[in-house]
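Subject: Model handover

Hi,

Here is the model you asked for. Please load it before reading on; my notes follow below.

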Amino acid sequence: MTDDLTPEKVASYLPFSGHQPDITGRIINVTHQIPYNIIRKKHERPIVEESDGAPISKVSRRHHRQHTLRAKFHTNDWTVVQRRGHAALYSGLQNLGKEFDAIHIGWTGPIKADTKKTVTEVSAGDKLALKQLLWDTGKIIPIFLDNASRGHYEGYCKEVLWPLFHYVVWSTATDGRAEKRHWADYKAVNQQFAQTIIDHYRPGDIIWIHDYHLLLVPEMVRKAIPDATIGVFFHATFPSSEIFRCLTTRNEILQGVLGANLIGFQTFAYARHFISSSTRVLGCESTLTGVNFNGQIVSAGTFPIGIDVDRVYTFCKQPQVQPKIQSIREMYLNRRIIIGRDKLDATKGILQKLHAFEKFLHDYPAWRNKVVLIQVTTPTHGDHGKLESKISETVSHINGLYGSLEFTPIHYFHQDIDRDEYYALLSVADVGLITSVRDGMNTTSFEYIICQHETSQGPLILSEFTGTAGSLSAALLVNPWDYAGVARAINDALIMSPEEKHTRHMQLYSHVTNHTASFWAHSFVTQLVSTKEQQSLLPQSARELDLEETLEAYVKAEKRLLLFDYDGTLAPIVSVPSDARPSADMLNFLQKLCDDPKNQVWVISGRDQETLDNWLGHLNNLGLSAEHGCYIKKGGTWENIVEQVDMSWKDEVSKIFNYYTERTQGSFIEHKKSSITWHYRMADVEYGEFQAKECQNHLENNIVPKLPVEILVGKKNLEVRPVDINKGVVAKRILKDASDVDFVVCAGDDKTDEDMFRFLSAAHLSVTITSGASSMSSPPLTPLPSASSSSSFHKGRSPSIVMTSPPLPDVWKHPSPDLFCITVGPDNKKTMANRRVRTSQQIVDLLELLSSV
């Protein structure tokens, strides 16, 4: 922790403080490739964007294509030309640069010579010249990759991650050597990106990393800059945990991503899959806003990307577009036009589209010779020869079956097309047809809607497996595997009334124009800043307990409150819970503290009432709390805090725990009056951890969403208890009855004790803010709910909204109390406590010291 957290700083983050998220530094945008292609010049001449294939219409042969020149910048030796593709991403980042100071880090991509051959080596002088040119062009910091770039991108990204993220599990077995080489290249490239970020980082900067090419970078940067503000956005899909678990490097990938403060996804489902994978693979606890990873709350949110509407509208209105629209209409006179434009990839559902169109021609013969499908397929990286052959065969089959010398139902083009032709096709279409079987977002659907706004306002048929489907509810959503359903949707679109077309289109148009690329970028960055501010109030590393300081405060105090956990605090953790009996010395020290009239002493434990009575009940003036705050005892009788709470949930939880107990040798169930705990301390270490993750995931998906309970992930155990019953509630109740104490010690060792630390720290903060005093012995208030509980990622809650801080408790009446929240654990433990010790014996030693006064 580089900066101390003062009460004033914490207060500035609380609600109604007038504080707005502020960006004091720069935004460092990090993408796999920069938004420009680099070409080495031989002659001074304009670089014209040419298509590799033939144009799809005669119009493009009659019109010179100089108007399609993209933005370019020159030096004597180099030309920098704006890249095609990823327009939504680059547009969003460019809009950020208009409002904030932003820089862009990325790979140069393959550097081409005028001959279109790749430049294999770039001299140091050329690198300097390119760095200067790119910095002047758009504050771009290029990364020059060596041969590892091929194994990184063409190897690991495209052969391992891309298929897996799109639910394409590998069908061929290998010896793993190629995968290991590619993984080594993936790590090396990620390290080079991370080092570039580190080299250019300034305090206050925000780092925004994009997509699956750079998933290890967040953790690498976090190790070098612990307090950095880091965001990650997945532009691709994220698969279910069952698919993700197939990845051999699953742990490293998840740990890399969890180095971020905020992780963004296109849809809620992708965010939910990521959280589920984190809990099942790494054993993380899910929270209301993300996951708890090693004591740090990493937020996960949904931020659907948009497009640059003004840019698309400008392209649609280019003077060369209208003649192409007219030419296409003349070519397909008196016929309805269905447009499909996809990359050549199995995930784009091109074959499914063709089969569905065949089904349409079969089931609706009245449309034969009246409807034409124009399918444009853009070549992509990789070996797609078999897919291309299959598509061509299917097209030939359908054309042969339903075509004639006068009419061809499918016009298939496997090529890049001119930008004007592309927008002409989107404008002239009567129906847009997108049947991806898995797609991160698919911005073609957005561009289609914009192009249609001043033309026919044709319906959009959209696969429910695209990321845009959740936002475009007015489209005709289809299952691409249901050929009959898609055929029916095509017919419905063709016979749709003008009124319904207009109504649906206006709903779609409203969404696209309001949720632009700029809106997406600003939303993510704003949330990232807010998340970082909230997370800066989360558990920190506590400093070592100073016995002299504690004793001095204890001696001068007039009224004292001492709160202790039992297992792991007053007694060491043991394999068999019943063996953790209190030592004679510890009992003696406790009794001496209880005998002091200035002291109130409590043991707040997860143990049941009977155990606490047997072990500690004979001590005079000792307060007891059992089952994490469900029962309390001060005097002769126990009080049931949860007497009115419905406990019918115990039957369902017991069935799940019984299931895992039968399958996990050495595990057992502990039934308490208000909770149920599954222990696996005596099970095989690795298998016990694995089963615990599975059990936790089972509970979170099937129990927590529908019943008023929460999961406590303890040391080698899972406990299910009523919601909102925890040690922090007990601490609040005790402090309310002893609000004038001026010295508090609270000691514990696990996550359930963090609830006490959190409440006491908040109450202490309230006193220091009110009195104007700044006490560095108190940690800050966290804005998040109970850290000891694992809550479901409810669909009703927006994962992109971070919980705000609750009002500070006003129960501590003394103007300047001393607070010592002591956690038992390693030096690097993240905690809400402000002091730490390593072992439970040190807590017993503290008891001895204080009892000797």
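Which residues in α10 meet which residues in α24? From α10 they are Ser276, Thr279, Arg280 and Val281. From α24 they are Lys693, Glu694, Gln696, Asn697 and Glu700. Contact here means heavy atoms within 4.5 Å. By class, this contact has 1 nonpolar, 4 polar and 4 charged residues. The classes work like this: Ala, Val, Leu, Ile, Met, Phe, Trp, Tyr, Cys and Pro are nonpolar, Asp, Glu, Lys and Arg are charged, and the others, Gly among them, are polar. Helix α10 spans residues 268–281 and helix α24 spans 685–702. Their axes come within 8 Å and cross at roughly 145°. Axes are lines fitted to C-alpha atoms, for helices over the stretch in contact, and angles run from 0 to 180 degrees between N-to-C directions.

Ground rules. This is a predicted model, where local features need pLDDT of at least 70 and side-chain atom pairs need 80 or more, while totals for chains, interfaces and linings use all residues. Numbering starts from 1 along each chain as its sequence is written, and side-chain values use heavy atoms, with hydrogens and water left out.

Overall picture

The protein has 27 helices and 35 strands. Both are DSSP runs numbered from the N terminus: helices are H or I with at least four residues, strands are E with at least two. Of its 853 residues, 59% count as buried. Buried means under 20% relative accessible area, exposed over 50%, and partly exposed in between, with a 1.4 Å probe and protein chains only. Among contacts with a separation of 6 or more, 76% come from residues 24 or more positions apart.

The 9-strand sheet

An open sheet of 9 strands runs in the order β21-β35-β33-β31-β22-β23-β24-β25-β26, with mixed pairing. Two strands pair if DSSP finds at least two bridges between them. The edges are β21 (543–544) and β26 (638–640), each pairing on one side only. Inside the sheet, β22 (560–564) and β31 (743–748) run parallel, joined by 5 bridges. Leu561 has Val744 in β31 as its bridge partner. Helix α27 (residues 840–851) packs on this sheet. It touches β22, β31, β33 (818–824) and β35 (835–837), and its direction makes about 145° with that of β33.

Glu754 is worth a look. It lies in helix α26 (residues 751–771). Is Glu754 buried or exposed? Glu754 is buried, at a relative accessible area of 5%. Its side chain reaches the backbone nitrogen of Met832 at 2.7 Å. Leaving out residues up to four places away in sequence, Glu754 touches Thr823, Lys830, Thr831, Met832 and Ala833.

The 6-strand sheet

A second open sheet has 6 strands in the order β16-β15-β14-β17-β18-β19, and the pairing is parallel. Its edges are β16 (410–414) and β19 (476–478), each with pairing on one side only. The twist averages 20° from one strand to the next. β14 (336–343) and β17 (431–434) are joined by 2 bridges. There, Ile339 has Gly432 as its bridge partner.

Thr377 sits in β15 (residues 371–378). Thr377 counts as buried, at 0% relative accessibility. Beyond its neighbours within four places in sequence, Thr377 contacts Asp342, Lys343, Leu344, Ile350, Tyr412, Phe413, His414 and Gln415.

Strand β8

Why is β8 (residues 206–210) largely enclosed by the rest of the structure? Because 5 of its 5 residues are buried. Both faces are covered: Ile206, Trp208 and His210 on one side, Ile207 and Ile209 on the other. β8 runs parallel to β1 (residues 27–33), with 4 bridges, and Ile27 has Ile206 as its bridge partner. β8 also runs parallel to β9 (residues 229–233), with 5 bridges, and Ile207 stands opposite Ile230.

Cysteines

How many disulfides does a search of the whole structure find? The search finds 0. A disulfide is a pair of cysteine sulfur atoms within 2.5 Å. The sulfur of Cys821 is 5.1 Å from the closest cysteine sulfur, in Cys746, so it is too far for a bond. Cys821 is buried, at 0% relative accessible area. Cys451 is buried too, at 5%.

Best wishes

Notes. A polar contact is a pair of N or O atoms within 3.5 Å; within protein, one must be able to donate a hydrogen and the other to accept it, and residues adjacent in sequence count only if both atoms are side-chain atoms.
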